[in-house]
Amino acid sequence: MKTFKYIGLTLVATTMMAASCSDFDDYNTVPTDVTASANKTLWENISANSELSDFAALVKKAGYDDELSAAHYYTVWAPLNGTYDAASLMSEDSAMVLQRFVKCHIAEYNHNVSGPVDERIHTLNQKSFSFMGDGQYTYDGQTITQLNLPSSNGVMHVMSGMATFYPNVYEYLSTGTGIDSLQSYFHHYDISYLDPDRSVLGPMVNGKQTYIDSVMVTYNQMLNRLSVLASSEDSSYTMLMPTNEAWIAAYNHIKPYFHYINTTSAQDIANATSATSAPTVSVTVDAKYLTDSLTRYYIVNNLFFNNNNGYNRWLVDESAENKDTLLSTLHNKLSNPQEILARTSNPEKLSNGFARVADSLAFRSWETWNPTIAFTPTSSYVKVWNGSSYMVNMHITDPEAAGLEPGTTNVRFIHVQPTSNYSKPELDVILPNVLSTKYNIYIVTAPGSWDASDTTALRPNQFDFSLSYCNAANKLQTIKLNQKVENDWTKIDTVKVGTFEFPVAYRGLSTDRRYSPNLKITTDFTVFNRPAMAKYTRDFKIISIILRPVEEDEYLSKEK
């Protein structure tokens, strides 16, 4: 669980991270020094230095002067007067000054400098700044003018400029402008709780424990689900952030794919006792809620890209190759990255990556919320009538010759065969995760020679296809799709079942697959049709069922 830290009730930071330091053993120890400042606290030395009066005023405004007077050991990088816009910072509220300015310049432990230094300093707000040099030193690129000024509770370096605060992904989600819809969606999934182990105890009041410094730990369920460590300063992401207008447009575009009705019926194939009839099962949902919930989820589920992944390195490294694909944190490959990024602003630097505000989300539906549905019809998806079935695993030595993707070594298929010389097997197949959109439906058949146990002559099939589905009025309907369809038994063959637009969506209705449309596959001829029996086989060898969105097929046909 990734956590974010809140100080009091208003500040957002991340979980505690182990800080690097020059000498870890110096934690909470005071180096011996004969200078006058060594006997004074950090706060006394800061407030007594006229060149640090602006910094002192901001520390005071943030309410952190008491902490710099306490025994806890810190290193402070203090910016000189006149090297940053102190007046602008003074106009901000104290929480912002503490989180985005004061804590950028304070770290735990002793970062005393001697010789070459090349460190990443993890400050109190969990940001990471470079501290480097050899003789001449810089902190976040700002020159250090005085080194190793000792105090009784720490050490101070004086610098000619301020460290720049950059929000991380989570913080930007809270502060970005014009992205209210996105912010509202994610913050709906925030969960916060008090971490008493990290909080500073205060007095008991009316029998209840109070805290001087309350540490609230927050995690975001949705970001976790999207595999995004949004507050991790050691991560690197590119985040697409749709404007409110882009959000509304995406919502209106995606919503029709998730058209649900309150009660949806289906044939209960698993419990059917006849090939011609089946009991009816129904599932009831809150249709409006389910449509809205899934529509919003599919707006956001491809907005994040890990810059450290090989597919995405070119987002942060112009010399990187392979600029033709983006891989989201949910491992969806987007094949039109230039089109997607063309609708975004220039990248805005974050402490753990970059944000790109998008005025439109140019995602291809079949690569995101409406993918092709393809599966091997195993026993959990099918019911066989007047026949039997078993699964066959086929080792492939020449995938190209078999019409398969390069690298394919094994294919699994279901073999359906008649139980007698007079039976005509039928196969009912449940179609899972269907959306309310138009699909081209296919079956992929295996060559007749692939199953050594098949003693029938090597002949094609002649298929009839029909479909059972629920209409928008919750009435079960059955329609015929393509009839008298022949396949090529000499190779892996893709057979067109038909084209159909489902009036209601099924994805997310239930984990029970029974609540799905049903495809029936049978031979067109009867066993008394001698010419057909001599020309065709009644055995089915089906590798997969494919429901490909029509819009994807149309796109692919244009690309050829």
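Helices (H or I, at least four residues) and strands (E, at least two) are DSSP runs, numbered from the N terminus. The model is predicted, so local features need pLDDT of at least 70 and side-chain atom pairs count only at pLDDT 80 or more, while totals for chains, interfaces and linings use all residues. Residues are numbered from 1 along each chain as its sequence is written, and side-chain values use heavy atoms, with hydrogens and water left out.

The protein chain holds 12 helices and 33 strands. Its radius of gyration is 33 Å, well over the 24 Å that the globule rule gives for 560 residues, so the chain is more spread out than a compact globule. The radius is taken over C-alpha atoms, and the rule is 2.2 Å times the number of residues to the power 0.38. Along the principal axes, the C-alpha trace spans about 110 × 55 × 40 Å.

Of the 560 residues, 52% are buried. Buried means under 20% relative accessible area, exposed means over 50%, and partly exposed lies in between (1.4 Å probe, protein chains only). The accessible surface of the protein chain comes to about 25500 Å². Carbon and sulfur atoms contribute 48% of that surface. Areas come from the Shrake-Rupley method with a 1.4 Å probe; for residues, only the protein chains shown count as cover.

Contact means heavy atoms within 4.5 Å. Among contacts between residues at least 6 apart in sequence, 71% join residues at least 24 apart. The chain carries 43 positive and 58 negative side chains. The centres of these two sets lie 13 Å apart. Lys and Arg count as positive and Asp and Glu as negative; His and the chain ends are not counted. The place of a charge is taken as NZ of Lys, CZ of Arg, CG of Asp or CD of Glu.

Helix α2 covers residues 53-61. Its buried residues are Phe 55, Ala 56, Leu 58 and Val 59. Seen down the axis of α2, they fall within an arc of 165°, so they line one face of the helix. The arc is that of the directions from the helix axis to the C-beta atoms. The cover over these residues includes α1 (42-48), β3 (74-79), α3 (86-90) and α4 (94-100). Residues up to four places away in sequence aside, Leu 58 touches Tyr 84, Ala 86, Leu 89, Met 90, Val 97, Phe 101 and Val 102. Val 76 is 18 residues from Leu 58 along the chain, and their C-alpha atoms are separated by 14 Å. Just after α2, Gly 63 takes a positive phi of about 75°.

Val 169 belongs to helix α5 (residues 169-175). Val 169 is buried, with a relative accessible area of 0%. Beyond four places in sequence, its contacts are Ala 230, Tyr 237, Met 239, Phe 304, Leu 350 and Asn 352.

Strand β24 (residues 387-395) contains Ser 388. Ser 388 is partly exposed, at 30% relative accessibility. Neighbours within four places in sequence aside, Ser 388 is in contact with His 415, Val 416, Gln 417 and Thr 419. Ser 388 and Gln 417 are 29 residues apart along the chain, yet their C-alpha atoms are separated by 5.6 Å.

Two loop residues other than glycine have positive phi. Ser 227 has phi near 60°. Ser 227 sits in the loop between α7 (221-225) and β14 (237-242), and is partly exposed, with a relative accessible area of 44%. For Asn 433, phi is also near 60°. The loop of Asn 433 runs between β26 (426-430) and β27. Asn 433 is partly exposed as well, at 43%.

Helix α12 takes in residues 550-559. Val 550, Glu 552 and Asp 553 are its buried residues. They cover an arc of only 160° around the axis, which puts them on the same side of α12. On the other side, Lys 558 and Glu 559 are exposed. The cover over the buried residues of α12 includes β27 (438-445), β31 (493-501) and β33 (540-549).
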